[in-house]
Amino acid sequence: MVGLETEIAGALVEGSVTFLLQKIDAIATREWNLKQINRMKVQDIGRELGSIEALLQADSKEDPDHQYAVWIQQVRDQANAIEDVLDRVRLAEGSVWWGLKMRYSTEELIQEINTSLQNIQRTRERYHSMRSTSTHTGYSTYFPVRAAPLFTGDVDTVGIEEPRNQLVSWALEPRQRLEVMFVVGMAGLGKTTLVNSVYERVKQHFDCHVWITASKSKNKLDVLCTLLVEGFGCSITQRADKVAQARNLRKFLHNKRYVIVVDDLWEKNVWESIKLVLPDDGNNSRIIITTRRGDIANSCRDDDSIHIHKLQPLSWENAKQLFHTKAFSKNGGCPSGLEEISKSILHKCDGLPLGIIEIGKLLSRKAQTAYEWDKLHNSLESELRSSGGLSNMMSALSASYEDLPYHLKYCFLYLSMFPENKPVKRRRLIRLWIAEGFVREERGKTLEEVGEEYLNELIDRNMLKANEMDFDGRPKRAEGNLTEKTRRLSIQKEGFDVPQDEPLPCVRTFFSFSTGMVNIGSNFELLMVLDMEGTPLVNFPSAITDLVLLRYLSLRNTNIRSIPWSLSKLRHLETLDLKQTLVTKVPKTVLKLKKLRHLLVYRYNMESVLPFDIVQGFKAPKRIGALKNLQKLSFVKASGQHRMSREHKMIQGLDNLTQLRKLGIVELAKEHGASLCNSIGKMRNLHSLNVTSLDKEEPLELDAMDPPRLLQRLYLKGPLQRFPRWVSSLHDLVRIRLKWSSLTEDNPIAALEDLPNLMELQLLDAYTGDQFDFNKGKFQKLKILDLERLERLKFIIMEDGTLPCLQKLIIRHCKELKQVPIGIDNLNHLNELFLCDMPEKFVAQLRKKVGELRHLLHRISYIRSYQGQSMEDLS
């Protein structure tokens, strides 16, 4: 069996060829410094690559072998060679003499590449001919690992008691209709184990029951046959068509109460074909579907009879219990000498039951010595290979990867560039994907929007773990040596320095996660992505401005204070990330970067707990509006002394940024408010707006705004003489934060309660009144409510039926508040309550056993009280 590496390589080559075809098309249709004969040869290369792309797609549907691996490597080498030639031509655009030299050498190189591609085609034909006469066992199925719970009964059920009880209650609760439950989670989480446990407990309560395994190899007809013949014992006519089968199934189930489990669903149309023939006779029938494809579950949720249960990894305690049971089967206890290495191995499992069980069983067969366990700990990657002790587990996990389209495989594997256990910002990753060329253009969408869809699909497919801002869960990182063919380089070791005299002509991407000094020199001439976040830079590296193909440049969290005028040479630059640097001004030559999409120049001042000026922005050129491709601009200083100041002209010019999605403004004077409103009114694509006034006394004058209808996030910091009426019309608003607004008459709760999509509300010193009323039926989607420094607030009243989705409530430094909100005990989904710097008398009411209002918090799982640096757990 060929390892997963071959399948990965095939997918990446397919992606490389497709991306390269796009680049060739651009070259062949625009004015480049190529002779006509060379342009025709480039087009020939495109045609050859198009044929190879079709072959790659055809071969990807078959099982790979070693001949395929050889062919894949040849294609990859030639695709890389073609890209190198084309990008060197792009380098020549700016140099006449170098361009003449390149025209001469390019003609020879293109001819050589064309010959190589023709040879590759012939190799593939020979390979395919040999393959057709041989037999293939193909990939070993992951069925034995994932189907084990069906044959071993209720084993390895540690940690699933609570979800099992929930699903049993759901299955047996009388609701007089057919209901469906999708159990969703990544491979190895124990979906089959959980559902089998539920199925065995409830099946006797139904007139008929059946368990079927859909899997990737099953089509719609297969599943219907399984239901009819294997499940319900129905006879069907030989060669009966799908319609006849559907009628037989519907007839058999008519007026019966049934429970059907569809295990391991991969295709939406399989479920839809089953759903069409299942009768709903009001008999409380139930369907349970397990799938690792959360995107399918979400797309099928078209009414309230379809539910989704997202299975979570095991808690640390449950994971440890399961691991000890498997690794130390005699007594389930861990010897003291193995405790540390056990913790390290268990951390790598990340709460995944399959990993815990398989590694535990493997360890149980080894001597219980630190030497043997440490040896396994250091060789887990090799154990996952085809001949290793964990190969069955790898087969189960890799099926999710194999199911990805090639462009998502590229995006997923790109995560190996980042250190393990270091969360990555969503927006940063999407910008990197764009710079790498992974994100394909789609009509009517920005590249950022397409990239967001890619990321969401990977999350929905349970390939990544995610929270609101970051995600984690990346493939195992492989280490390698530097060679002339190295294309992506990620430095993750302390004290590693790139040798300046070593030729690295093919490197396109360079990351440094080391805190040591890293030098960038002429050996990176084809570099497109440079990320030096956190390196000890004081001065801007002068060599960077010679990297004219650069698309992405991040010097985030370094100590540089300025950027040179020569930055204008980077005419392909799309992202300039100078967040958390000491840069406070960008030169006007930045206006020559016409492809710039993301300009991020700001830092946070963390010297005080709640400083008004926590965000330090930058002074922008007055003609910043000339960068019409900008998608994100933050944070621009808008301070000025009079109406004809440079800053005022800059604000007026912002109305040219009609493609802007995110805008951050600081130090806005009251007199410039109307101009800013006028400019923002032209930004019809704006999704996020962050505005801070000049200081805590300077009012924000934003009443005149005609707001962008797509606005989803709004952050206003500074005094408001009245609540802006337009805010109440923002249908798509998801998050709003009002800080130091000091509203006296306009109650923000009343102004915001009808927003249909609002999920997060933060009010910091935003209102001077003494009472908030949350009325029945209001704030229908709010999940997070953060109330802070409301100095005069005494009472919060939550009527029954308000805030039906609230999950987290934060109350900070509200000294006059008498008690927790009246009606808090009616919030069915409230799971977290955080109290920060609240009076002792307030907290005492809520302590276990002694607090007179403690009974109001019986639904809340996590309750914390913070006083300065200390924390008290009230759960």
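**Exercise 1.** Determine why helix α15 counts as largely enclosed by the rest of the structure.

*Solution.* Of the 12 residues of α15, 10 are buried, so the helix is largely enclosed by the rest of the structure. Buried means under 20% relative accessible area with a 1.4 Å probe, protein chains only. The buried residues are P353, L354, G355, I356, I357, E358, I359, G360, L362 and L363.

The model is predicted: local features need pLDDT of at least 70, side-chain atom pairs count only at pLDDT 80 or more, and totals for chains, interfaces and linings use all residues. Residues are numbered from 1 along each chain as its sequence is written, and side-chain values use heavy atoms, without hydrogens and water.

**Exercise 2.** Describe how α13 (residues 316-327) packs against α15.

*Solution.* Start with the geometry: the axes, which are lines fitted to C-alpha atoms over the stretch in contact, lie 7 Å apart at an angle of about 30 degrees. The two helices, α13 and α15, are therefore roughly parallel (angles under 35 degrees). Next, list the contact (heavy atoms within 4.5 Å): α13 gives A319, L322, F323, K326 and A327, and α15 gives residues including P353, I356 and I357.

**Exercise 3.** Describe how α19 (residues 406-413) meets α21 (residues 447-460).

*Solution.* The axes of α19 and α21 come within 11 Å and cross at roughly 80 degrees. That makes α19 roughly perpendicular to α21 (65 to 115 degrees). H407, L408, C411 and F412 of α19 touch Y454, E457 and L458 of α21.

Methods. Buried means under 20% relative accessible area, exposed over 50%, partly exposed in between (1.4 Å probe, protein chains only). Helices (H or I, at least four residues) and strands (E, at least two) are DSSP runs, numbered from the N terminus. Axes are lines fitted to C-alpha atoms, for helices over the stretch in contact, and angles run from 0 to 180 degrees between N-to-C directions. Angles under 35 degrees count as roughly parallel, over 145 as roughly antiparallel, 65 to 115 as roughly perpendicular and the rest as oblique.
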